[in-house]
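Biologist: I'd like to go through the labels on this model and hear what stands behind each one. Can you show it to me first?

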Amino acid sequence: MPAVVVVGTQWGDEGKGKATDQFGQNVDYVVKFNGGNNAGHTVVIDGEKFAFHLLPAGVLTPGVTPVIGNGVVVDLDVLFQEIAEIESRGKDASSLLISANAHLIPSYNRVLDRTTERFLGSRQLGTTGRGIGPTYADKMNRIGLRVQDLFDESILRQKVHAALDNKNSLFLKVFNRPAIDPDEVADELLSYADRVRPMVVDCSLLLNKALDEGKTVLFEAGQATMLDIDHGTYPFVTSSNPTSGGACTGTGVGPTRIDAVVGVVKAYTTRVGEGPFPTELNDEMGERLREEGGEYGVTTGRPRRCGWHDAVITRYAARVNGLTDLVMTKLDVLTGHEQIPVCVAYDVDGQRMDEMPLTQTDFHHAIPVYEYLPGWSEDISTARTFDDLPKAAQDYVLRIEELAGCRISAIGVGPGREATIQRHALLGD
Ligand code: GDP
Ligand code: IMO
Ligand code: MG
């Protein structure tokens, strides 16, 4: 039975939360494998809105076991706040499991994230300020703290001291800030130990056994392909691997066990934070997309930058992730345009490029080459089959499918769970 990975194909906020929730009852486990509470995933059920930062979106479906994989970085304070919030709304998060090898976001890394951004000034990345980058840096520098360290006080204290030895010099001498007391940090983390202990698992063993038993496992990415530390628009990226390979390293499930990789793609494009964005619209049309699409960040509330669909990026995402299917979201937001431009290639200093440019410099200079597709004016929010869509909307979907080189298996026409057109089954075909 299937192991299915759900990834973002653009710069995030494509609707991964809704897509994950949609798999619903057909899934046994929903696993987050990368990122942390920089993510904001929205699910709307019967008009009620849920926003998740750390909890896998599958937590809303009874019977689904939500898992936080080793590739995730966990802010314990945020985790328990989120659990309390959904429980106060009558949902059950008691089956949540967490990998013993997931890394913890200590408070000093939130401080470091925000201070570093301030020091970068006009060169800042526009991070979410949640300590994500410094925590992944600590992991790579081998001075990180893991969930399992919560259960050995002496090791945890030693590790916090080791990390802060270095960072306190930076805070004091470079950033001109007070030093942080390692024992206070350790005490705060240890205060969560008893609550975390029952949730801790060997994530790799758990998921491989589940797959052996014929269970269905869904891997839910945070962030997206163009924010990937290796494959995105570096340095304007996050610090993890949100692409499909991250599902393997971030959970301990080998690539031969993955059956499908589903890429979620908005009908247009958005981006939060700094960095290149060839199809960005810095005009009234950009404003219109932002207002009609409700494009404001779930995590930081920042307005999202908006632009037309960039099929070069969608094709790139199909390749980098090995996509088997695309789920297109927010087609309804494009209703009411006479024509809809789609970027099919770039013009870089007079030369046409059909694929992602090799270098950052060329991507910064990329000017979109647009194809203009006819728009539609009919309300499509109640469409439930492909045939319910006006011809122009069908043609828009089919053209992007052709440009991406990957079938579009589902189409979102509204935020609600029910507002979806299914073209091909995503599990088990
Ligand atoms: P994620 O981070 O990829 O899970 O996406 P976000 O939740 O940050 O942003 C996607 C937004 O679009 C949310 O507000 C969703 O409720 C909404 N959404 C998802 N699919 C659709 C759709 O097909 N149509 C409309 N109008 N909204 C959608
Ligand atoms: P979901 O899962 C959109 C962006 C930030 C910033 C860059 C680095 O909801 O799609 P970080 O705090 O990760 O070091 O910030 O990445 N970013 C996102 N943008 N959606 C997200 O998550 C994002 N997570 C990080 O805005 O530009
Ligand atoms: Mg989001």
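Modeller: Let's start with Arg142, in the loop between helix 4 (132-141) and helix 5 (153-174). Keep in mind that this is a predicted model.

Biologist: Why is Arg142 called exposed?

Modeller: Exposed means over 50% relative accessible area. Arg142 has 76%, so the label is exposed.

Biologist: And what is the phi of Arg142?

Modeller: Phi is about 60° there, a positive value, and Arg142 is not a glycine. Most residues other than glycine have a negative phi.

Biologist: Which loop holds Asp349, and how do you know whether Asp349 is buried or exposed?

Modeller: Asp349 sits in the loop between strand 16 (339-348) and strand 17 (351-353). Its relative accessibility is 64%, and the cut-off for exposed is over 50%. Asp349 therefore counts as exposed. Phi of Asp349 is near 50°, again positive in a residue other than glycine.

Biologist: What makes Glu292 partly exposed?

Modeller: Buried is under 20%, exposed is over 50%, and partly exposed is in between. Glu292, in helix 10 (residues 284-293), has a relative accessible area of 42%, so partly exposed is the word. By the way, Glu292 and Gln25 are 267 residues apart in sequence, and their C-alpha atoms are 31 Å apart in space.

Biologist: Now Lys18. How do you know that Lys18 has no salt bridge?

Modeller: A salt bridge needs a side-chain nitrogen of Lys or Arg within 4 Å of a carboxyl oxygen of Asp or Glu. For Lys18, which is buried, the nearest side chain of opposite charge is Asp332, at 7.1 Å.

Biologist: What does the side chain of Lys18 reach, then?

Modeller: Two backbone oxygens: that of Gly416 at 3.4 Å and that of Ala419 at 3.0 Å. Lys18 itself is in helix 1 (residues 16-23).

Biologist: What makes the bond between Tyr234 and Pro235 stand out?

Modeller: The peptide bond there is cis, with omega about 5°. Most peptide bonds are trans. Pro235 lies in the loop between strand 10 (217-220) and helix 9 (245-249).

Biologist: On to the ligands. Which residues are closest to ligand 1?

Modeller: Ligand 1 is surrounded by 20 residues, the closest being Gly15, Lys16, Gly17, Thr42 and Asp332.

Biologist: Why does the pair between ligand 1 and Lys16 count as a polar contact?

Modeller: An oxygen atom of ligand 1 is 2.7 Å from a polar backbone atom of Lys16. The limit is 3.5 Å, so the Lys16 pair qualifies. An oxygen of ligand 1 is also 3.1 Å from a side-chain N or O atom of Arg304, and a nitrogen of ligand 1 is 3.2 Å from a backbone N or O atom of Gly414. The protein covers 93% of the 590 Å² of accessible area that ligand 1 has on its own.

Biologist: And what surrounds ligand 2?

Modeller: There are 20 residues around ligand 2, with Lys16, His41, Thr128, Gln223 and Thr238 the closest. By class, that shell has six nonpolar, eleven polar and three charged residues. Among the pairs, an oxygen of ligand 2 is 2.9 Å from a polar backbone atom of Gly40, and an oxygen of ligand 2 is 2.9 Å from a side-chain N or O atom of Arg302. The protein covers 97% of the 550 Å² of accessible area that ligand 2 has on its own.

Notes: Residues numbered from 1 in each chain as written. Chains lettered and ligands numbered in written order. Predicted model: local features only at pLDDT ≥ 70, side-chain atom pairs only at ≥ 80, totals over all residues. Heavy atoms only, no water. Near = heavy atom within 4 Å. Polar contact = N/O pair within 3.5 Å; in protein donor to acceptor, adjacent residues only side chain to side chain. Areas by Shrake-Rupley, 256 points an atom, 1.4 Å probe, with all protein chains shown as cover. Nonpolar A, V, L, I, M, F, W, Y, C, P; charged D, E, K, R; others polar. Helix = DSSP H or I, 4+ residues; strand = E, 2+ residues; numbered from the N terminus. Buried < 20%, exposed > 50% of the residue type's maximum accessible area, 1.4 Å probe, protein only. Lys, Arg positive; Asp, Glu negative; His and termini not counted.
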